[in-house]
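The sequence and structure come first.

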Amino acid sequence: MHQDFMPPGIVALTGAGISKESGIDTFRDKDGLWTRVTLEEVATIEAWHNDKKKVLDFYNDTRKSFRAAHIVPNAAHKALARLEQKYGGEVTVVTQNIDPLHEQAGSKRVIHMHGRDGESRCMNCGTVTVSDIDLTPQSVCPHCKAVGQLRPNIVWFGEMPMHVDEIDDVLERCGLFLAIGTSGEVYPAAGYVLQVRRSRPRVHTVELNLEPSVNRTLFHEHIYGPATLTVPAFVDRVLAYGWK
């Protein structure tokens, strides 16, 4: 192999399914979070303006529950970190999840398109702060000192995802696109497989999911089963033989 050869990039799009096996509830399952709370009341900018306390209390309680459960990365998270460490090219995780499990597993190139747990953002000045302190309608921005303008740094329904330009860049460079634990129902993430197939004719696309997603026909390869079993096995295959 020529010393200047760089293998094609790998992009792994991950959704709630990869973290479910670590004990984090998904939103859309029959027993998911949206069956227990109305998303319009806690997950929109309108809800935040209408009742800041209700919205902030919901995220404060959710964050504290996550911490109290001592949830840790599972074998799927660890396998993607191993892929990044051992593969000769670029490996990027684009995650719809707000949890830190990819980073805790050892992944370095992680793009959180829906934001991150444990961060707040000021609606007045835009400053993002890492903090586990509860937010209230009386919270003061540490940067601009505005009162009542702090919100969780996560994407609510109706808002644009974060880092879209950076995601487009890594999709343009990838030769292998994986969708892991995703429903295929939430856009723009659900459209990435079609985007990469149109821009990268030789790309190989793989769906690794508990069951077929709604856009399963856009994938060249389908691997169904628990992520903790399918992802480590697939990573072993890529590292040993490639994906062709």
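Asn215 counts as buried because its relative accessibility is 10%, under the 20% cut-off. The model is predicted. In it, Asn215 sits in the loop between strand E8 (204-209) and strand E9 (221-224).

- The side chain of Asn215 reaches the backbone oxygen of Ala190 at 3.0 Å.
- A polar contact of 2.8 Å joins the side chains of Asn215 and Ser213.
- With neighbours within four places in sequence left aside, Asn215 is in contact with Gly184, Ala190, Val193 and Glu207.

**The cavity**

- There is 1 cavity of 30 Å³ or more in the structure.
- The largest cavity holds about 80 Å³ of space.
- Its lining is made up of 16 residues, and those closest to the centre are Leu13, Thr182, Gly184, Ala189 and Ala190.
- Strand E7 (174-180) and helix H8 (192-199) are the elements that give two or more residues to this lining.
- By class, the lining residues are 9 nonpolar, 6 polar and 1 charged.

**Helix H5**

- Helix H5 (residues 75-86) has 12 residues and spans 16 Å from its first C-alpha to its last, close to the 16 Å expected at 1.5 Å a residue.
- At the start of H5, a side-chain oxygen of Asn74 comes to within 2.8 Å of the backbone nitrogen of Ala76.
- The buried residues in H5 are Ala76, His77, Ala79, Leu80, Ala81, Leu83 and Glu84.
- The cover over these buried residues includes strand E1 (9-14), helix H1 (16-20), strand E2 (91-95), helix H6 (101-105), E7 and helix H9 (227-241).

Conventions:
Residues are numbered from 1 along each chain as its sequence is written. This is a predicted model: local features need pLDDT of at least 70, side-chain atom pairs count only at pLDDT 80 or more; totals for chains, interfaces and linings use all residues. Side-chain values use heavy atoms; hydrogens and water are left out. On a 1 Å grid over the protein atoms alone, a cavity is a set of points where a 1.4 Å probe fits but cannot get out, and a pocket is an open set with protein on both sides within 12 Å along at least five of seven lines; lining residues have an atom within 4 Å of a point. Grid points are joined across faces, edges and corners, and a volume is the space filled by probe spheres set on the points. Helices (H or I, at least four residues) and strands (E, at least two) are DSSP runs, numbered from the N terminus. Ala, Val, Leu, Ile, Met, Phe, Trp, Tyr, Cys and Pro count as nonpolar, Asp, Glu, Lys and Arg as charged, and the others, Gly among them, as polar. The expected span of a helix is 1.5 Å times one less than its number of residues. Buried means under 20% relative accessible area, exposed over 50%, partly exposed in between (1.4 Å probe, protein chains only). Contact means heavy atoms within 4.5 Å. A polar contact is a pair of N or O atoms within 3.5 Å; within protein, one must be able to donate a hydrogen and the other to accept it, and residues adjacent in sequence count only if both atoms are side-chain atoms.
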